[in-house]
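The following paragraphs lead through the model one element at a time. Please keep the sequence and the coordinates in view while reading.

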Amino acid sequence: MSERLPLSRRIAADLRAAIMQGELAPGAVLPSERQLIAQYGTTKATAGKAIAFLVAEGLVTTEFGRGTFVRRRPPLRRVSAARRHAAHRDTGKPVFDVGAIEQGRVPSRRILFVGRAPLPANAAHWLRASPGDEAVVRRRLQFLDDEPVVVSASYYPLWLAADTRLESPDALPEGPDELIESLGHTFFRGVEVFSALMPTPEETELLNLHAGVPVMHMWDVDYDKDGRPLQAAHDVYAGDKHEFIYEWNEGDIQP
């Protein structure tokens, strides 16, 4: 079956296997195009296409004038859990920052927009509002080690967010969850919804995505004990820079 694949795909498969099996360790340099041409008896175009497949998969990075290297950094592991809101209370930092620091990464962010704006249809659905209704919106680009990895937009109903620091153009060092709790609201239940799509041109630019790399959309919606949505967060993750895990234990599922 593999013999029926185009040679560029077979070369990529061989290199991928070497990476997965540890023969090419993180930081190792891949064979050059010239070496691949000699080894496989092929052309520069075919060798370049094979390497491009691995770049698109996020397995390697190419540095002009230096070569192609196996990625050094593993993807950030985002852990979902029934006790997510408790994970960062003692740190005074946002959930994203806590997870990044625990994994040896350096988080940062750039504010893209803060203010009142009409709700798009998908956000209105989660906030149980009508499209076009006004809400407080916070949109930011989040980084790991100065590399863009997530475009985040959070939507807050005016009854909760009006005239609070959620409308401040400054970053929220403690994170929006802790701020919402400080305003007297209690998280009672939540839902996370995931879908994989190809990126829009804006997402490709903001996240510096290579061709062929998808994005993972996540809606994270939190409710109080009366069933009112407190916030609806829409995160767009670079597909080659994250992995997602859900954790639970017996105490989470006991009646």
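Strand E1 (residues 60-63) and strand E2 (residues 67-70) run antiparallel and are joined by four bridges. Helices (H or I, at least four residues) and strands (E, at least two) are DSSP runs, numbered from the N terminus, and two strands pair if DSSP finds at least two bridges between them. Glutamate 63 has glycine 67 in E2 as its bridge partner. Three residues lie between the strands of this hairpin, in which glycine 65 takes a positive phi near 80°.

The model is a predicted one: local features need pLDDT of at least 70 and side-chain atom pairs count only at pLDDT 80 or more, while totals for chains, interfaces and linings use all residues. Residues are numbered from 1 along each chain as its sequence is written, and side-chain values use heavy atoms, with hydrogens and water left out.

A further set of strands builds an open sheet. Six strands form it in the order E4-E5-E6-E9-E8-E7, with antiparallel pairing. Strand E4 (107-118) and E7 stand at the edges with a single partner strand each, so one side of each is left without a neighbour in the sheet. From one strand to the next, the twist averages 15°; axes are lines fitted to C-alpha atoms, for helices over the stretch in contact, and angles run from 0 to 180 degrees between N-to-C directions. Within this sheet, E6 and strand E9 (residues 229-238) run antiparallel and are joined by six bridges. Serine 152 stands opposite aspartate 235 in E9.

Helix H4 lies across E4, E5 and E6 and runs at about 165° to E4. This helix spans residues 95-102, and its buried residues are Phe96, Asp97, Val98, Gly99 and Ala100. Here, buried means under 20% relative accessible area, exposed over 50%, and partly exposed in between (1.4 Å probe, protein chains only). Just after H4, glycine 104 takes a positive phi of about 75°.

Most residues other than glycine have a negative phi. Aspartate 145, placed in the loop between strand E5 (134-144) and E6, has a positive phi near 50°. Aspartate 146 is found in the loop between E5 and E6 as well, and its phi is also positive, near 70°. The two residues can be classified by accessibility: aspartate 145 counts as partly exposed at 27% relative accessibility, whereas aspartate 146 is exposed, with a relative accessible area of 67%.

Which residues have the most contacts inside the largest nonpolar core? They are Leu15, Ile19, Leu24, Leu30, Leu36, Leu54 and Val60, in a core of 17 residues. A nonpolar core is a set of buried Ala, Val, Leu, Ile, Met, Phe, Trp, Tyr and Cys residues joined through side-chain atoms within 4.5 Å. Helix H1 (7-20) and helix H3 (44-56) each supply at least two residues of this core, and its largest share, six residues, comes from H3. A second, separate core has 14 residues, including Ala124, Ala135, Tyr155 and Trp219. Leucine 36, leaving aside its neighbours within four places in sequence, is in contact (heavy atoms within 4.5 Å) with Ile11, Leu15, Pro31, Gly41, Thr42, Ala47 and Ile51.

The structure also holds three aromatic pairs. Rings of Phe, Tyr and Trp (its six-membered ring) pair if their centres lie within 6.5 Å; planes under 30 degrees apart count as stacked, over 60 as edge-to-face and the rest as tilted. The ring centres of tyrosine 155 and tryptophan 219 are 6.1 Å apart and the planes stand at 25°, so this pair is stacked. It links distant parts of the chain, with tyrosine 155 in strand E6 (residues 147-156) and tryptophan 219 in strand E8 (residues 215-223), 64 residues apart. Both tyrosine 155 and tryptophan 219 are buried. For phenylalanine 194 and phenylalanine 244, the centres are 5.3 Å apart and the planes at 65°, so the pair is edge-to-face. Phenylalanine 194 is partly exposed, with a relative accessible area of 35%, and phenylalanine 244 counts as partly exposed at 31%. Phe194, Tyr237 and Phe244 form one aromatic cluster.
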